[in-house]
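User: Hi! Could you walk me through a few side-chain interactions in this one?
Analyst: Happy to, let's have a look together.

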Amino acid sequence: MALSDEPAAGGPEEEAEDETLAFGAALEAFGESAETRALLGRLREVHGGGAEREVALERFREWMMNLLLDIVQDQTSPASLVHLAFKFLYIITKVRGYKTFLRLFPHEVADVEPVLDLVTIQNPKDHEAWETRYMLLLWLSVTCLIPFDFSRLDGNLLTQPGQARMSIMDRILQIAESYLIVSDKARDAAAVLVSRFITRPDVKQSKMAEFLDWSLCNLARSSFQTMQGVITMDGTLQALAQIFKHGKREDCLPYAATVLRCLDGCRLPESNQTLLRKLGVKLVQRLGLTFLKPKVAAWRYQRGCRSLAANLQLLTQGQSEQKPLILTEDDDEDDDVPEGVERVIEQLLVGLKDKDTVVRWSAAKGIGRMAGRLPRALADDVVGSVLDCFSFQETDKAWHGGCLALAELGRRGLLLPSRLVDVVAVILKALTYDEKRGACSVGTNVRDAACYVCWAFARAYEPQELKPFVTAISSALVIAAVFDRDINCRRAASAAFQENVGRQGTFPHGIDILTTADYFAVGNRSNCFLVIRGLGGQLMRQAVCVLIEKLSLSKMPFRGDTVIDGWQWLINDTLRHLHLISSHSRQQMKDAAVSALAALCSEYYMKEPGEADPAIQEELITQYLAELRNPEEMTRCGFSLALGALPGFLLKGRLQQVLTGLRAVTHTSPEDVSFAESRRDGLKAIARICQTVGVKAGAPDEAVCGENVSQIYCALLGCMDDYTTDSRGDVGTWVRKAAMTSLMDLTLLLARSQPELIEAHTCERIMCCVAQQASEKIDRFRAHAASVFLTLLHFDSPPIPHVPHRGELEKLFPRSDVASVNWSAPSQAFPRITQLLGLPTYRYHVLLGLVVSLGGLTESTIRHSTQSLFEYMKGIQSDPQALGSFSGTLLQIFEDNLLNERVSVPLLKTLDHVLTHGCFDIFTTEEDHPFAVKLLALCKKEIKNSKDIQKLLSGIAVFCEMVQFPGDVRRQALLQLCLLLCHRFPLIRKTTASQVYETLLTYSDVVGADVLDEVVTVLSDTAWDAELAVVREQRNRLCDLLGVPRPQLVPQPGAC
């Protein structure tokens, strides 16, 4: 087996910090924990029988390790079972790496010899049990961390006269050395064992020099030309790298130069084994770090603090997070850098140009680590050497390694802002690096690494440091994100751009670009080249529309010029293809195009003062009206607003035709029921046209007048009932809001000029519809409706005619309170709006809005609307006529909205609330009160054949409350509840039984005392979610006890 073919997941993880041992798994449990626990517990039973099953382990817990280790430590466990347990342990460690699990192994003093004995009896040539040897060596490595001298464990080394046994220390070293040259994965664990063992205080004094001699002799004798030589060098290099990583500097420094000379003699860069070259680079950088004293460079660039609290404190004090860079005396005290450091850096720079990525990446991290311990001047020389990699005489490998090194230096604060001019220049070249190699090209990895550099810089530098380069970097990243042919490069560029937008905040149009060209959007090549490519076109179109508007307003002398046709084409094309514009910028584009059209028409399409060019008028109006029937909703939106923006002279003589077309847009039909935005914009266009043409008697084709005002009001009022919903929610809100605003604008327009055109029934309907919207559940929408209502009420130039109950309204809503009330706050809005329930004209609509609010989902809305309604009903309890009017209105709303889910479900919840709180207790004194009879009939119709769980649950609650009404109403309510006890849904059956149980205990007079105990026993003891045949028997028993007829099964049509 070739060395490079061994599983990568089991390789050494030198880059991880030792603190890993101090942290457990952050993931506490997994869904299959009980099943896995049972499987592991039954491992003894299933051992030897049946085929093995692979279990995908995503999370782990300590108990899994304990269960398996119990098997291992059990002296009665057969060898095959022990091997199987270790195989499971190996699988578990593969999930998160062995370092996470080292702390979970038993590592007391008493564990050292048992584990050592287990390792000793293993056969290194048994290829079926390599997992056992791997795990045992890891276990032994963690036992080496005990804080006691190993000599204390030796006892009497002379077991018999003339016969001696090896010490614990010698046995461990012998085992480690023997496994460093095996061909399986135990070699990796042996390297970990050596690093933990040799660096112990009691071992390093007597064994470190000996082991290093042994290692260097192995390296000298081995050749990477042979397989055994490769294996030996691999294990030895791993061990040395781990020792120089974990050992103390003062212990390792005396041997560092010797090891470096031996490593130079191995000529590892000439090897074709990737792993050997990688290990060589790792060992070289560890040697270099040993030469240099461990310190944090005082000259490094720092962005902010590691502590969030410290950062926030600096910001609140108005201080800058970046400290000024001052060269202190300490910065240059280490100019006498050890001789070996130069050789180390030279080898790392060579490693940046290696043919394999893993070697280059290791060398880049080595460069970063070394530079962090060098004086400022020498570190700057290292940066200059890295920049030398970016020459077109170098290969793509050197460019890639250079990018990785720059990212590492920047991430560590070792690339000072003074170097950014040179660095950004080469990174911009790297973002477009592409070289031909025969029939293909190379450079994908370079471009990807350059994006990583940009990502790292976004996190490393303050915005003011990168500000001079923002334009160049942002442009290059956008181009790479959209046009690079490689998906990984496009995604990397998008991620880097996103990081800069979030961290720097200085990238132009950052959020707009990210919304369109995000990480996932750029993953599709056709989407990049055909859709996102239009991003620049969006910005350009919007800019040109603004230019057209400004040129027109400036009265540029282009009348009759062909350039006007080009402008008109651009505006029309933009409005026609709004659906291709990204949603977040669509409104801006639409507004820019419509504003440009208005300015263009006003300046260049007037033939005489107040008169339009007939040919242009005919072409424009006909074309725009035709586009109102376009199957694309956004196209309808654009041309609706375009018609609304036309100047009055273009509408003259064509007003009725235009209004008819816009009224059709606002009408809801089955094929365009979801076109809420087009209906909204159609309403806006109608209102704007009315403001443009004004009011003029007897001219229906030129202005608003008695002949067309009723049609306009009809269109606007018809949209007040638009409650369309889709995946975006209540999109009908947009339509209703536009309708209210348009009604207000038109009514105020008529009031100023010809108030006699406002008819009494029209004004009443306007005020009632707006009052309904002011009592509904959406806060911001309720506030807008209240603003419209109060504006119409308090308008006095002159006052709006025919406002119902004007005097009472002005007392309820005095002009002085308008500014102080926050209508978007339920606590302030509902106590005021419920006062309208006392005015007959408004009662129906306000109660309809309150019903929807009471059955809503927002806790504050439900609480305050319910409290306000209860307060009102509490005030009319002593007024039978008012209570009768209220109950009649409530029933009328129910009847008008039967099977309308938007109203009926909240209405059932409202009925449950008012009945539970005794708001209609006065009706319970009369047998079969008309209110109760009609309510029961409506509830039966509403839930008949329904599969809506929420509706059925609300219906159950209402039926339960209706048993308080005596007479036939009670019997019918009990019968309905008995029917629901055998509903097809078990949830409905169980809920019905539970609520009937509570109801019978609440209203004790419903059932006779002689049968009450038996009834509640049946309700509580029956498993209502059982089979229907069993449930039906108990239900029939209840019917007999309650005195209601047993329901009969209706045969299905066609049944024999």
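**Salt bridges and polar contacts**

Analyst: In this predicted model, Glu499 and Arg459 form a salt bridge, with their closest N and O atoms 3.0 Å apart. The pair links distant parts of the chain, 40 residues apart: Glu499 sits in helix α23 (residues 487–503) and Arg459 in helix α20 (residues 444–460).

User: Is Glu499 buried or exposed?
Analyst: Glu499 counts as buried, because its relative accessibility is 16%. Arg459 has 38%, so it counts as partly exposed.

User: Which residue meets Glu499 in a salt bridge at 2.8 Å?
Analyst: That is Arg503, with 2.8 Å from N to O. Arg503 and Glu499 are both in helix α23, four residues apart, or about one turn of the helix.

User: How many salt bridges does the structure hold?
Analyst: There are 45. One of them joins the side chains of Arg277 and Asp354 at 2.8 Å, N to O. This pair also links distant parts of the chain, with Arg277 in helix α13 (residues 274–291) and Asp354 in the loop between α15 (339–351) and α16, 77 residues apart. Both Arg277 and Asp354 are buried.

User: Switching topic: what does the side chain of Asp202 do with Phe150?
Analyst: A polar atom of the Asp202 side chain lies 3.0 Å from the backbone nitrogen of Phe150. Asp202 also has a 3.1 Å polar contact with the side chain of Arg200.

User: Where is Asp202 found?
Analyst: Asp202 is in helix α10 (residues 201–221). It counts as buried because its relative accessibility is 14%.

Notes. Residues are numbered from 1 along each chain as its sequence is written. This is a predicted model: local features need pLDDT of at least 70, side-chain atom pairs count only at pLDDT 80 or more; totals for chains, interfaces and linings use all residues. Side-chain values use heavy atoms; hydrogens and water are left out. Helices (H or I, at least four residues) and strands (E, at least two) are DSSP runs, numbered from the N terminus. Buried means under 20% relative accessible area, exposed over 50%, partly exposed in between (1.4 Å probe, protein chains only). A polar contact is a pair of N or O atoms within 3.5 Å; within protein, one must be able to donate a hydrogen and the other to accept it, and residues adjacent in sequence count only if both atoms are side-chain atoms. A salt bridge is a side-chain nitrogen of Lys or Arg within 4 Å of a carboxyl oxygen of Asp or Glu.
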